[in-house]
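Student: I would like to go through this structure by question and answer. Please keep the terms defined as they come up.

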Amino acid sequence: MPELPLLLEILLKIGMVVSPLLLAVAYATYAERKVIGYIQVRIGPNRVGPRGWLQPIADAVKLLTKEIILPRQANRYLFLLAPVLALVPALAVWAVIPFSDGWVIADINAALLYVLALSSLGVYGIILAGWASNSKYALLGAMRSAAQMVSYEIAMGFALVGVLMAAGSLHLGQIVSAQQGGIWHWYWLPLLPLFVVYFIAGVAETNRAPFDVPEGESEIVAGFHVEYSGMAFALFFLAEYANMILIAALTALLFLGGWLSPFEGLLPEAAFALPVIGWLLGPGIHWLLLKTAFFLFVFFWLRATFPRYRYDQLMRLGWKVLIPVTLVWIVVIGLAIGFNLGPWFS
Amino acid sequence: MTLELAVFYGFAAVLVLASLLMITVRNPVHAALSLVAAFFAAAVLWVLLEAEFLGIVLVLVYVGAVMVLFLFVVMTLDLNVSQLREGFVRYLPIGGLVALVMGAGMIWVLTRETVFERTTPLRAGADYNNTLAIGQVLYTEYVYPFEIAAVILLVAVIAAITLTLDPRRRRTSKSIDPAEAVKVRAKDRIKMVDLRQK
Amino acid sequence: MLEQYLPILIFLGVALVVGVLPLVLGGVLGPQRPDAAKSAPYECGFEAFEDARMRFDVRFYLVAIVFIVFDLEIAFLFPWAVALGDLGWFGLASMGVFLAVLVVGFIYEWRRGALEWA
């Protein structure tokens, strides 16, 4: 087959994205425990390896050697399919995420639409897990979770529409380059309400605190994954963290200029021409990673700070606050574009 | 391009198989999931025809939204299989008739040569943007169908609410309304009865 | 255009492998010693009574239906936002009417209490 080298190249690229991603997921769990530990004035994991650095490895090995328990009345195929269905979309979205100018596996025009479509599939893993377990807590958690994800997805979609209107493209690389021109041109400023809505909806979509009602341990033990153990449970964990990193990366790409440097236009041209410092100051993957890490930290920070929402409050926030805000802002952007309102929409 | 053909036949087979499974499997949840697989395979075929917007929207709307509702319903309803089978015999004549008409229609469409002439896919350039192409005509040239779609969606919302929400019984949960609770006075709850009489 | 979708198809395959492999490994490396208490559905230590697949509040279905409508609305907004530069005031106005009609539906929902979860 003539395409063989091409296929190998694609596989290599995928490996270059997936393996760091899985490593990042493992260390995100460590970072989370450390961050929350320090916020609560304790040190977090510190036994396995120096300063607890090997903790995620130990967790992985432990989960790997634990029994995968199949509940008695469970539908066994769907029970095992559910965690896979949760993980696949969480990973596959990364195919269209650019890491720097042109550093992307699949350079498609409809990238943002693809992201939205795949994140809408995440709900399958959860409802199937809940139903296949044939356990009351699992089904309750799954229904709550599905209704919640579905509600926040609308707010999220509307927020994305705002970004599209401003950038005029679904292509993630073009959305980033449309934000060129320094920190004041990044979309966090002209689209501030959408930026806030998008991040809140992202936290809710990933079922993270303070929106973790689906697994609220004080009321429905662990929600949709009560019956899961060992590697099957680990897959849900992986999917949740991969989604968290994705939301953080997307927020950075869509609203904080992605890989663009915040010093653009602030420093004299000569500064960017310096050998190493110039590269660090200029645009590049390091800025995207830094911004992503910041939003990930916010995820952990939120979990350590806020108590859990009540279910009716959560639905009210999604439907009665976030959706109207996004609708109003879409109209505002539409008018701003119609009147060529500068400096952003001219 | 041989790879393209291979992908086409692969997903076309998945589509046919999933559709057959959907109407033959006993368990309604399995049927719904087969339909999901069928939609997904259809989306891949659409993308192969360079209709990337439609393909992805098929996943977004049908798989991501419509099938979630189906699963909600199918998962929590206790369907009585024997009752369903009774219905099968009863509706067989009408169902057979509908199947016959649809089958005849399909054969009629497929045997006309013009169909294949018209459906030869156009190969667009590398910078072809399906979404942009739709956007440029949908809101200007086809503005009436577009607005009619809005009205249909409005009707759908109103119909759904009218069918599901019972106006006589607003509060369906047993939760306590704190505003009502604090207004309670002792005389609403305790009735003093004098037992000394009689 | 299609060559850009090939990596996505392969990525989906890789993701599937990454999803299935841990399950297989877990099944091989972990023990398999089920017993009655272990494989019983969790119900805080009680014996599970009645079937877990119960009927739900109708609001869950309503939320799913309303979600479909809004999802379609988003699907209509996407090409509009992309083509906005070429559409001019007419395009803005046609989407304005579209959104106005759907906001009527949203207000109706709100007033009828379809968004109440208390």
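Predicted model: local features only at pLDDT ≥ 70, side-chain atom pairs only at ≥ 80, totals over all residues.

Student: What ipTM does the model score?

Tutor: Two scores are given for the model. The pTM is 0.87. The ipTM is 0.88.

Student: How many helices does chain A have?

Tutor: Helices (H or I, at least four residues) and strands (E, at least two) are DSSP runs, numbered from the N terminus. Chain A has 0 strands. Its secondary structure comes to 14 helices.

Student: What radius of gyration does chain A have?

Tutor: The C-alpha trace spans about 65 × 60 × 45 Å along its principal axes. The radius of gyration is taken over C-alpha atoms, and the globule rule is 2.2 Å times the number of residues to the power 0.38. For 346 residues a compact globule would have a value near 20 Å, and chain A agrees with that, at 21 Å.

Student: Why is helix α4 of chain A said to be largely enclosed by the rest of the structure?

Tutor: A residue is buried if 20 or more other C-beta atoms lie within 10 Å of its own, exposed if 12 or fewer, and partly exposed in between, with C-beta atoms placed from the backbone. In α4(A), the buried residues include A:Ala111, A:Tyr114 and A:Ser119. Helix α4 (residues 111–119) of chain A is largely enclosed because its buried residues number 9 of the 9.

Student: Which helix gives the most to the side of domain 1 of chain A that touches domain 2 of chain A?

Tutor: Domain bounds come from an automatic or database domain assignment, which gives domain 1 (1–65) and domain 2 (70–338) in chain A. Two residues are in contact if their C-beta atoms, placed from the backbone, lie within 7 Å, and this contact takes 17 residues from domain 1 of chain A and 16 residues from domain 2 of chain A. On the domain 1 side, α1 (4–39) and α2 (55–64) of chain A each supply at least two residues. The most, 14 residues, comes from α1(A).

Student: How many residues on the side of chain A that touches chain C are nonpolar?

Tutor: In this contact, 62 residues of chain A meet 52 residues of chain C, and α6(A) gives the most to the chain A side, with 13 residues. Ala, Val, Leu, Ile, Met, Phe, Trp, Tyr, Cys and Pro count as nonpolar, Asp, Glu, Lys and Arg as charged, and the others, Gly among them, as polar. The chain A side has 12 polar and 8 charged residues. Its nonpolar residues number 42.

Student: Which helix gives the most to the side of chain C that touches chain B?

Tutor: The contact takes 46 residues from chain C and 48 residues from chain B. On the chain C side, α1 (2–29) and α2 (58–112) of chain C each supply at least two residues. With 34 residues, the one that gives the most is α2(C).

Student: What average pLDDT does chain C have?

Tutor: pLDDT is the predictor's confidence in each residue, from 0 to 100. In chain C, 88% of the residues score at least 70. The average for chain C is 83.

Conventions
Residues numbered from 1 in each chain as written. Chains lettered and ligands numbered in written order.
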